[in-house]
Amino acid sequence: MKSTHRAAAITAAAITAAVAFATALPVSAGASALELNTCDLSGKAKEMQTWDAAGKYNIIVWKESAAATYDLHGEIQEASGTAVYTECKSVIAKSSRYRWATFEDGTFVHQGDGGFRNYAYIGNFTKNGETITFHRR
């Protein structure tokens, strides 16, 4: 009986540590991870616009599994980050890694369905199929 309680306590401690780690991933004050709505990533992209009041940079927010490839240049580290969140309407509390970036130019190739659950972007861009080419603003 004691070993069962100990195993449960160890499991609870491991879960607590994992949650603490996920919320402690690099995030800047200007790019708070706490406000990410995984059902609509466009909200995070709009929030990032407040960091760039002059409208000088492109912004993209995505679930990591939604990116086939990406190459972003001139990324502003203070306005970029990554964190783990529970996926939108996840029945089994499946978690995924989400990223956001503020940058000058680059490309992003999307894979999967194209809803705001997977990616959202703002800036000066052209789109050809699943490839988004961001240009300097």
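Which residues does Leu41 touch, not counting residues up to four places away in sequence? Select Leu41 to begin: its partners are Leu36, Val61, Trp62, Lys63, Tyr98, Phe116, Arg117, Asn118, Tyr119 and Ala120. Contact here means heavy atoms within 4.5 Å.

This is a predicted model, in which local features need pLDDT of at least 70 and side-chain atom pairs count only at pLDDT 80 or more, while totals for chains, interfaces and linings use all residues. Residues are numbered from 1 along each chain as its sequence is written, and side-chain values use heavy atoms, with hydrogens and water left out.

**The whole chain**

Display the chain as a cartoon. Its secondary structure comes to two helices and eight strands, arranged along the sequence as α-α-β-β-β-β-β-β-β-β. Helices (H or I, at least four residues) and strands (E, at least two) are DSSP runs, numbered from the N terminus. Of the 137 residues, 37% count as buried; buried means under 20% relative accessible area, exposed over 50%, and partly exposed in between (1.4 Å probe, protein chains only). Among contacts between residues at least 6 apart in sequence, 65% join residues at least 24 apart.

**The nonpolar cores**

Next, select Leu36, Leu41, Ala45 and Val61, the residues with the most contacts inside the largest nonpolar core, which has 15 residues. Such a core is a set of buried Ala, Val, Leu, Ile, Met, Phe, Trp, Tyr and Cys residues joined through side-chain atoms within 4.5 Å. Two or more residues of this core come from each of helix 2 (42-49), strand 1 (58-63), strand 3 (81-86), strand 4 (95-103) and strand 6 (119-122). Apart from it lies another core, of 10 residues, including Ile60, Trp62, Phe108 and Phe134.

**Helix 2**

Select helix 2 and colour Ser42, Lys44, Ala45, Glu47 and Met48, which are buried. The buried residues of this helix pack against strand 1, strand 4 and strand 6.

Four of them form an open sheet in the order 3-4-1-6, with antiparallel pairing. Strand 3 and strand 6 stand at the edges; each has a single partner strand, so one side of each is left without a neighbour in the sheet. From one strand to the next, the twist averages 15°, where axes are lines fitted to C-alpha atoms (for helices over the stretch in contact) and angles run from 0 to 180 degrees between N-to-C directions.

Within this sheet, strand 1 and strand 4 pair in the antiparallel sense over six bridges; two strands pair if DSSP finds at least two bridges between them. Select Trp62 to find Arg99 of strand 4 opposite.

**Lys63**

Lys63 is found in strand 1. Is this lysine buried or exposed? Lys63 is buried, with a relative accessible area of 12%. Show its surroundings: Lys63 touches Leu41, Glu87, Ser96, Arg97, Tyr98, Arg117 and Asn118, not counting residues up to four places away in sequence.

**The disulfide**

Finally, select Cys39 and Cys88, which a disulfide joins with an S to S distance of 1.9 Å. A disulfide is a pair of cysteine sulfur atoms within 2.5 Å, and a search of the whole structure finds one. The pair links distant parts of the chain, 49 residues apart: Cys39 lies in the loop between helix 1 (2-23) and helix 2, and Cys88 in the loop between strand 3 and strand 4. With 95° about the S-S bond, the link is right-handed. Cys39 counts as partly exposed at 32% relative accessibility, whereas Cys88 counts as buried at 11%.
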